[in-house]
Amino acid sequence: MSNTRVTVPGRKRLMRVPDAWKNPLAISGTVIVVLWLLVTVFAPWLAPFDPLAQESARLLAPNGTNWFGTDALGRDVFSRVIAGTRTSIPVAMILVVISLLFGTVLGAVAGFLGTAVDEVIMRVTDVVLAFPSIILAMVIAAALGPSLMNAVIALLLVSWPQYTRISRSLVISLRSSEFVIAGRLMGSGVFTSLRRDIAPNVASPMLVLAAADFGSAILLLSGLSFLGLGAVPPAPEWGSMVSDGTSNFSAWWIAAFPGLAIFTIVVGVNFMGDAMRDALDPRSNGRLS
Amino acid sequence: MALTTTDARVPGGAPAAETGAPRPPRRQHPLLRYISLRFGISILLVWGVTVVTFVVTNLVPTDPVNAVLGEQAANNPEIVAALRTEMGLDEPLIVQYWLYLTRLLAFDMGVSAQTRSPVADDLARAFPATLELALFVLLFSTVIGVGLGMLAALRHQTAVDKTIRVLSLFGISLPVFWIAMLIYYVFFYQLHWAPGSGRLDSALVPPPLVTGMYTIDSLVAGQPDLFWNALSHLVLPAVVLTLFTIGTLVRFSRSAILDVVRHDYVQAARAKGLPHRIVVVRYILRGASLPILTMSGLTFGSLLSGAVLTESVFSWHGLGQYAYMAAISLDLQAIMGVGLLIGVVYIFTNFAVDLLCGLIDPRVRVQ
Amino acid sequence: MTGISIRNLRLELGGKKLLDGVTLDAAGGQITGLAGESGSGKTLTGMALLGLLPEGSQLSGQILYAGTDLVTKSQKQLNQYRGTEIALVFQDPAASMHPMISIGEQLTDHMRYHLKLSRKQALARAVQLLQRVKVPDPEQALTKYPHQFSGGQLQRIAIAGAIACEPKILIADEPTTALDVTVQAGIMHLLRELCDSLGLTIVLITHDLGVMSGLADNIAVMRNGRVIEFGSRFDVIRNPQQEYTRSLIESLPNFQKGD
């Protein structure tokens with residue numbers, strides 16, 4: 001590298017970690033999420049029964065053996081909730097990562113190049129955003145046929161535009177900001193400028209957005225499965241387990257526990273996301289103490 | 001930037017540079033310009049939505065002919081061939097799209113494989129039910145949501161603010177289909193506090209059709225008993241959808257009001273010695289009205305999504321239940337119809353919101 | 001003519017001393033200039049006179065006005081002083097006027113509240129006020145919105161609003177900083193003229209000693225939350241006692257040594 005490195009006032013770190021740690025929301029959110037991640041990793045050892053085996057009596061209420069009761073086919077609900085982590089969590093992660101990467105890059109390209117490319121990309125995002133996301137995902141998933149893979153494809157197709165929009169506007173504001181121009185004037189090429197001055201500044205807000213979006217990815221995925229357009233039975237997936245409960249209202253535990261699982265992890269993620277947004281937003285000193 | 005480029009496509013944007021002379025200023029009212037621009041954008045989006053539903057329909061690996069025909073007929077190659085020609089499936093895609101579009105303009109969205117009746121008729125029946133629910137919820141959740149958001153913002157950084165903030169985070173984390181079942185189970189199945197399914201008690205006859213919304217139609221027909229019954233049926237699904245939307249509304253109105261409170265004009269109003277009540281209602285709330293209105297519009301859209309995931313639990317015969325039934329039986333024509341309708345409703349809701357914003361905001365209204 | 005006196009005013013926010021014992025007399029019917037760099041506490045002093053302070057801040061000391069100490073008053077009691085006894089003109093009129101409320105409404109709402117005027121009476125008075133501050137076509141102006149005016153016109157309108165309820169004290173916080181240089185003099189003349197004809201006591205807050213030296217009767221120089229120099233305009237400008245004041249004066253564009 002040459003000595004063209006200018007001091008860059010616009011560069012900021014992801015967040016000041018100590019600040020975020022003073023926030024009880026951030027701490028409780030992180031604890032919840034880490035617990036769920038541990039459950040995901042150790043699921044096979046934590047589940048007392050085979051999540052697919054129909055070995056117990058049917059529709060047993062929660063008891064000492066079947067902590068969360070059994071479903072209409074005599075499967076252990078607790079084991080199925082544990083096993084369900086291995087569907088919802090990794091799939092939602094993959095979903096968020098791919099749409100984050102795709103959406104961000106597309107938005108950066110649109111913002112950096114401008115003109116016709118920008119126009120085309122933004123019109124497409126407009127049309128996709130003209131649908132409420134679960135509706136468009138439902139339409140696509142129904143067309144592709146019900147399977148977990150197709151649900152993921154459907155959700156990918158609806159979830160990239162929000163990243164595109166934001167990364168585009170970030171890039172546009174950065175492109176004309178003084179420190180980027182200063183870098184360009186001092187001889188950085190387009191690529192260097194993108195990599196060194198723009199990318200780090202786009203990355204942190206995008207990551208916060210993605211972290212917060214992980215919760216809605218889980219909600220959307222389980223929503224599609226609830227509609228029968230996601231994971232195919234008998235696979236243990238939280239949304240379709242809740243849906244199993246609709247035919248047995250008296251056996252409340254069939255739906256209650258998987259739904260609670262979805263709720264707790266999404267709450268954890270949203271607590272973290274909220275705290276991170278606070279730490280990033282210079283205007284809000286909204287710290288919960 | 002996006003606005004100006006789309007502007008160029010709006011009819012009336014006459015070619016300017018025909019002569020070298022400066023263009024005579026067209027005395028078009030700014031509000032009119034704004035409305036026509038927004039309308040043009042909405043029409044473009046609707047067109048885009050039809051492209052999406054068309055493309056998605058053509059992704060289908062299964063032959064749409066089979067969806068229309070019974071199993072026996074589908075095994076008869078002559079009937080299949082005749083139908084293919086009739087449906088235009090032998091034509092190139094662009095022609096097929098044209099046929100699709102002309103059919104749509106005549107409100108022909110195909111026949112539902114499940115109900116065996118035209119999708120357009122089904123939607124016309126189902127939509128008022130969902131609209132009724134959505135309007136009630138929109139009213140409730142906007143009033144409560146904006147109220148709580150304002151309370152939190154005005155008590156910024158206090159215990160009230162923090163409590164409301166945590167509760168709203170709980171709200172946005174709820175899987176709506178799950179909370180629907182819990183509420184159904186507790187308040188109908190266990191406690192019998194409110195009717196749990198349908199739009200009216202099964203013994204009752206719906207009021208004569210005016211709007212399709214039972215609460216309104218019963219009042220129009222002068223049947224107060226029917227009105228109260230319909231209202232009691234609304235309660236539980238309305239509570240669920242309110243829970244579903246309120247978190248976002250609270251968070252959004254809180255930050256919108258915090259933005260406003262920072263402005264000098266609020267300090268200026270206080271410096272004039274106006275009482276707190278007037279400052280809040282006249283200055284702060286009016287300042288936050290545009291973002292809150294926009295948010296309510298988006299809420300309406302998300303209510304339609306919420307309806308898809310809740311109506312089936314309450315046997316509410318609206319778009320949501322129709323979509324759910326269509327989804328689980330893979331009734332593609334019906335699903336496309338729902339998607340198209342919700343997309344269009346969503347777009348025009350946003351158009352209506354833009355219009356209202358234009359009417360409210362003097363910076364748009366007057367030059 | 002009523003003046004206002006500040007005695008040993010202290011303001012703390014989160015352990016930080018923002019005002020550190022401000023003492024100042026704004027004599028009745030005169031313009032008292034409050035000079036100082038940003039962060040010196042001059043704006044906070046002005047806002048403290050109205051009791052409009054940042055949340056969580058703690059104020060002590062005395063603000064003596066017409067025989068009472070305003071520091072001891074509750075927010076509700078202070079509301080009886082705001083607008084009617086002590087009024088405020090902000091720096092940027094485009095920001096201090098609500099963009100979505102008509103000039104007519106913003107000029108009359110406090111008149112109707114404080115003076116118990118009817119809508120019609122208040123509007124009639126607003127027309128007079130606009131004539132008073134030389135806004136052309138007052139009737140028309142009342143139906144318009146802030147974005148339809150230039151900054152200078154808008155500041156005149158804001159001043160009209162400030163004097164609407166016949167306050168004794170007018171605090172003008174950098175009233176010309178956000179305006180074009182060409183209209184600044186007009187606003188300053190207007191303030192001088194209002195001071196003289198209405199007997200207004202004006203506290204003029206500005207970082208611009210040049211503006212102040214042409215307008216203020218007395219000048220206070222603030223630094224780090226305290227008044228470090230106070231005296232008549234002539235004394236402060238010609239014979240500054242403090243090194244800091246001297247450096248401020250020497251940095252004026254038309255300053256000539258030995259003048």
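B:E132 is buried, with a relative accessible area of 2% (buried means under 20% relative accessible area, exposed over 50%, partly exposed in between, with a 1.4 Å probe and protein chains only). The model is predicted: local features need pLDDT of at least 70, side-chain atom pairs count only at pLDDT 80 or more, and totals for chains, interfaces and linings use all residues. Residues are numbered from 1 along each chain as its sequence is written, chains are lettered from A in the order in which they are written, and side-chain values use heavy atoms, with hydrogens and water left out.

B:E132 pairs with B:R199 in a salt bridge, with 3.0 Å between the closest N and O atoms. A salt bridge is a side-chain nitrogen of Lys or Arg within 4 Å of a carboxyl oxygen of Asp or Glu. This pair joins distant parts of chain B, 67 residues apart. B:E132 lies in helix 7 (residues 119-154), and B:R199 in the loop between helix 9 (176-190) and helix 10 (214-220). Helices are DSSP runs of H or I, at least four residues, numbered from the N terminus. B:R199 is also buried, at 8% relative accessibility.

In chain A, A:R80 and A:D71 form a salt bridge at 3.8 Å, N to O. A:R80 is buried at 2%. A:D71 is buried at 4%.

In chain C, C:R246 bridges to C:E243 at 3.2 Å. Both sit in helix 11 (residues 243-250), three residues apart, and so are separated by about one helical turn. C:R246 is partly exposed at 31%, whereas C:E243 is exposed at 55%.

A network of salt bridges links B:K272, B:R282, B:R286, C:E105 and C:D109. Over all chains, the structure holds 27 salt bridges.

Definitions and conventions. Helices (H or I, at least four residues) and strands (E, at least two) are DSSP runs, numbered from the N terminus.
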